[in-house]
Amino acid sequence: MKYLSILLLLLLPFKLFAAESQTNVSGSNTSIEGGYTGGATTYESGSSSNTTSTTNSTSNVRSAPPTASAPSYNSMTQDVCSTGASLGVQTFGFGITGGKHFIDKNCERLKLSRILNDFGMRVAAVAILCQDERVFEAMIQAGTVCPIDGKIGDEAMKLWSKYDHERPDYKLYIKRIKDREKADKKAQREMTKELNKLDKELLDTKTIHTAK
């Protein structure tokens, strides 16, 4: 009996050690105690577990189109009567640019007139300036008619009157003539009206004297 008790005491640590096991998976230690039986988890009747996850992502990125740059137009030298103009238009998917030089006729006229005057050709310098309708009108108003066909003064005035369609200010000249004709007709009507009024007054006066 004494030996049996000693044997039971010796076997008891082995039994406790056998009831505990340890597994090592992927570097983690899991301690399982007792009589664990692995298997699928079973839910009780009438219970359920549903998990739904939906993720939608929409991205619409628009970038500005390249800018259409208008070309640069500059005069080659300072003594050129030209100016540059350019334009550029840009939309999504399409762009257009362009440019052009424009000649300043008035600038050219002034430069040519100055050069001719420097050469002592004053009549020719005045003739070039007279190509501008404003200068031509100013010369007419001042009584110094612009030269034509080598004629100046009264002789030039006769030629301008004969060939008035060659005047630089022809359109303005015709318009002025029509306006003056309208003004003359209006003045004539008013004068006729006044004369008729005076004639009536004289007639009335004569009638009164005759009655007396």
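Modeller: Contact here means heavy atoms within 4.5 Å, and the coordinates you are looking at belong to a predicted model.

Biologist: Leaving aside its neighbours within four places in sequence, which residues is F136 in contact with?

Modeller: With that exclusion, F136 is in contact with C130, C146 and W160, and also with R167, P168 and D169.

Biologist: Which residues make up the largest nonpolar core?

Modeller: That core has eight residues, namely C130, F136, M139, V145, C146, I148, A156 and W160, and the elements giving two or more residues to it are α4 (133-142) and α5 (153-162).

Biologist: How many helices and strands does the chain have, and what pattern do they follow along the sequence?

Modeller: There are six helices and four strands, and, read along the sequence, they follow α-β-β-β-β-α-α-α-α-α. Of the 212 residues in the chain, 11% are buried.

Biologist: Which residue forms a salt bridge with E137?

Modeller: The partner is R176, with the closest N and O atoms 2.8 Å apart. Because E137 lies in helix α4 and R176 in helix α6 (residues 170-211), the pair ties together parts that are 39 residues apart in sequence. With a relative accessible area of 15%, E137 is buried, because buried means under 20%.

Methods: Residues numbered from 1 in each chain as written. Predicted model: local features only at pLDDT ≥ 70, side-chain atom pairs only at ≥ 80, totals over all residues. Heavy atoms only, no water. Core = buried A, V, L, I, M, F, W, Y, C linked by side-chain atoms within 4.5 Å. Buried < 20%, exposed > 50% of the residue type's maximum accessible area, 1.4 Å probe, protein only. Salt bridge = Lys/Arg side-chain N within 4 Å of Asp/Glu carboxyl O.
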